[in-house]
Structure formats: structure tokens, C-alpha cells
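Here's a quick briefing on side-chain contacts, meant to be read with the model open.

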Amino acid sequence: MDNNRQEEKHIEVRREEKTDSGLVGATFIKYAAYIIIFFGILWFLISYVFPMFS
């Protein structure tokens, strides 16, 4: 009897990285709001504040 025989096992490990699409959407909306607010303030300065000094 050959009890010392080694068996080879091929194990395939597959990892799937999951992204939370809700978190990605919330982050996108947050930064889009920051950009809109920034350009709104910039537009206000250019339209109303800078012409006061001319």
C-alpha cells in the first residue's frame, strides 16, 4: 500500500471586488454640489462685486 502518496489539489480562488454604487453616487453628488457652489460664488463675484470697483 502506498499511503505516503501526495495528492495535488488545484484550488482556484476568485475574488470579486464589490463597489457600493450607492456610496459612489453619494460621493459624486457631494463633489458636484461643491463645484456648483464654487462656480456660483465665482459668478456672483464677477457679476456683482467686481463691477462695483470699476
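Is Tyr-34 buried, partly exposed or exposed? Tyr-34 comes out as partly exposed, at 47% relative accessibility. Keep in mind that this is a predicted model.

**Aromatic pairs**

- Searching the whole structure turns up 4 aromatic pairs.
- Tyr-31 is partly exposed, its relative accessible area being 46%.
- Another pair brings Trp-43 and Tyr-48 together, again edge-to-face: the centres are 5.9 Å apart and the planes make an angle of 90°.
- Trp-43 counts as exposed because its relative accessibility is 53% and the cut-off for exposed is over 50%.
- Tyr-48, at 49%, falls in the partly exposed class.
- Trp-43 and Tyr-48 also belong to one aromatic cluster, together with Phe-44.

**Charged contacts**

- Side chains of opposite charge can pair when their charged atoms come close.
- Here the count is 1 salt bridge.
- Glu-12 and Arg-14 make a salt bridge through their side chains, with 3.5 Å from N to O.
- Glu-12 is exposed, with 66% relative accessible area.
- Arg-14 is exposed as well, at 68% relative accessibility.

Definitions and conventions
Residues are numbered from 1 along each chain as its sequence is written. This is a predicted model: local features need pLDDT of at least 70, side-chain atom pairs count only at pLDDT 80 or more; totals for chains, interfaces and linings use all residues. Side-chain values use heavy atoms; hydrogens and water are left out. Rings of Phe, Tyr and Trp (its six-membered ring) pair if their centres lie within 6.5 Å; planes under 30 degrees apart count as stacked, over 60 as edge-to-face and the rest as tilted. Buried means under 20% relative accessible area, exposed over 50%, partly exposed in between (1.4 Å probe, protein chains only). A salt bridge is a side-chain nitrogen of Lys or Arg within 4 Å of a carboxyl oxygen of Asp or Glu.
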